[in-house]
Amino acid sequence: MFELSDLPYEGLEPYISAHLLDRHYNGHHKTYVDVLNKLVVGTEFEGLGNESLGDIVVKAHNSGSAGRAIFNNAAQIWNHDFYWQSMKPNGGGNPPEKLREMIEHSFGSVEGFNNAFTTSGLGQFGSGWVWLVYDEDAKALKVVSTANADSPLLTQGQLPLATMDVWEHAYYLDYLNLRKKYIDVFLEHLLNWDFVLGRLEDAGVL
């Protein structure tokens with residue numbers, strides 16, 4: 001059975017209000033969990049749990065239209081779990097020194113990364129996600145965007161490191177249609193560089 005994962009913090013105020021966090025987490029995220037538990041009844045995925053979400057996302061996606069509903073909900077659970085971990089109170093700003101060299105190699109500077117991330121976030125038309133990934137072929141960091149429920153899990157050789165939700169429900173209650181302001185706040189005050197660093201270390205990249 002799939003479960004709503006615990007948030008890794010009490011809150012993210014003043015940058016994400018308690019009201020927005022509650023609606024996003026207990027409303028949108030929880031709904032994906034509830035719907036997926038109903039959809040998998042009688043399928044090969046029945047009886048599996050959150051630890052299998054990544055595999056389910058890929059398998060359901062590869063099954064085409066037959067697995068579309070399961071893919072959408074499983075992927076959105078995985079994406080949201082990753083999004084919550086990509087933020088922390090007192091986050092953002094400059095990355096740890098161990099990570100800075102890789103960022104400068106990949107983007108020229110921390111400012112170059114911020115510009116690439118912002119451009120991708122503003123350029124994602126409609127609903128979707130912005131990701132910082134490690135590209136195994138290029139041996140460098142990249143910023144990519146995906147539409148709707150898609151993620152780098154579907155692209156071979158891309159290791160997701162952090163994500164920002166740019167579906168309107170992620171920011172509208174606090175920032176209305178000012179997506180740029182939300183992106184700035186994410187980069188300056190919320191991005192969890194420790195999570196990024198840990199992902200790279202666990203993968204043996206750093």
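Colleague: What is the strand order of the open sheet of three strands, and what is the pairing?

Modeller: In this predicted model, the order is β2-β1-β3 and the pairing is antiparallel.

Colleague: What makes β2 and β3 edge strands?

Modeller: Strands β2 (140-147) and β3 (158-165) each pair on one side only, and are edge strands.

Colleague: How do you know that strand β1 pairs with β3?

Modeller: Pairing requires at least two bridges, and seven bridges join β1 (residues 128-135) to β3, so the two strands pair. Among the residues involved, Trp129 has Asp165 in β3 as its bridge partner.

Colleague: Why is Asp165 called buried?

Modeller: Buried means under 20% relative accessible area. Asp165 has 0%, so the residue is buried.

Colleague: Why does His169 also count as buried?

Modeller: The relative accessibility of His169 is 16%, which is under 20%, so His169 counts as buried. This residue lies in the loop between β3 and α6 (172-175).

Colleague: Which residues does UniProt list for "binding site", and why are they said to gather at one spot?

Modeller: The unreviewed UniProt entry lists His24, His80, Asp165 and His169. They span 146 residues in sequence, but no two of their C-alpha atoms are more than 12.1 Å apart, so they gather at one spot.

Technical notes. Residues are numbered from 1 along each chain as its sequence is written. This is a predicted model: local features need pLDDT of at least 70, side-chain atom pairs count only at pLDDT 80 or more; totals for chains, interfaces and linings use all residues. Side-chain values use heavy atoms; hydrogens and water are left out. Helices (H or I, at least four residues) and strands (E, at least two) are DSSP runs, numbered from the N terminus. UniProt positions are given in the numbering used here, feature names are shortened, and annotations may be inferred rather than shown by experiment. Buried means under 20% relative accessible area, exposed over 50%, partly exposed in between (1.4 Å probe, protein chains only).
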